[in-house]
Amino acid sequence: MADTSDTRTPAQIEADIKRRREMLAETLDEIGVRVHPKTIVGDAKAKVVSNVDHTLGRAYVQVNRVVSQVRASFVDDEGSPRLERVVPVALVAVGVVGLLVLGTRRRRG
């Protein structure tokens, strides 16, 4: 059997009950804030923003890496352009633009 003897005074028991009621009230207030629709929406927005920031950061790093690789293929270690690679790419770009211009002129006519 449990020991039911209590050596506390009625005033101590009342103080313990008051303290526990205050703790429960504080806990209920916290729960109320956590389940409030504005809090839930705010938390969801913060999570989305965090994920978007993380995704954009990873995309930035990836794009930066690709740009660096492309730049390295067209520029030597000293920073001067590699003409053996730049000239063919420029010729292809001019050819594509020329074909696009000719294609649009034929449609108009």
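Partly exposed, in these legends, describes a residue whose relative accessible area falls between the buried range, under 20%, and the exposed range, over 50%. The structure shown is a predicted model.

**Figure 1. Arg19 and Asp16 pair within helix α1.** Where do Arg19 and Asp16 sit relative to one another in helix α1? They are separated by about one helical turn, because they are 3 residues apart in that helix. Salt bridges with shared partners also bring in Arg8, so that Arg8, Asp16 and Arg19 make one network, given that a salt bridge needs a side-chain nitrogen of Lys or Arg within 4 Å of a carboxyl oxygen of Asp or Glu.

**Figure 2. Asp16 also meets Arg8.** Here the view moves to the other pair. The side chains of Arg8 and Asp16 form a salt bridge, with an N to O distance of 2.3 Å. Is Asp16 buried or exposed? Asp16 is buried, because its relative accessibility is 18% and the cut-off for buried is under 20%. Arg8, at a relative accessible area of 36%, is partly exposed. Searching the whole structure gives 2 salt bridges.

**Figure 3. A nonpolar patch lies on the surface.** Which residues form this patch? They are Leu28, Ile31, Val35 and Ile40, and together they have about 380 Å² of accessible area. For a closer look at one member, take Ile31, which belongs to helix α1, residues 10–34. The relative accessibility of Ile31 is 42%, so this residue counts as partly exposed.

**Figure 4. Asn51 is part of helix α2.** This helix covers residues 37–74. With a relative accessibility of 47%, Asn51 counts as partly exposed. How far apart in space are Asn51 and Ala72, C-alpha to C-alpha? The distance is 31 Å, and the two residues are 21 apart in sequence.

**Figure 5. Residues 86–104 carry a UniProt annotation.** The unreviewed UniProt entry places the feature "transmembrane region" on this span. In the predicted model, residues 86–104 are 100% helix and 0% strand.

Note on methods: Residues are numbered from 1 along each chain as its sequence is written. This is a predicted model: local features need pLDDT of at least 70, side-chain atom pairs count only at pLDDT 80 or more; totals for chains, interfaces and linings use all residues. Side-chain values use heavy atoms; hydrogens and water are left out. Helices (H or I, at least four residues) and strands (E, at least two) are DSSP runs, numbered from the N terminus. Buried means under 20% relative accessible area, exposed over 50%, partly exposed in between (1.4 Å probe, protein chains only). UniProt positions are given in the numbering used here, feature names are shortened, and annotations may be inferred rather than shown by experiment. Patches are made of residues with over 30% relative accessible area and no salt bridge: like charges are joined within 9 Å, nonpolar side chains (Val, Leu, Ile, Met, Phe, Trp, Tyr) within 5 Å. Accessible areas come from the Shrake-Rupley method with a 1.4 Å probe; for residues, only the protein chains shown count as cover.
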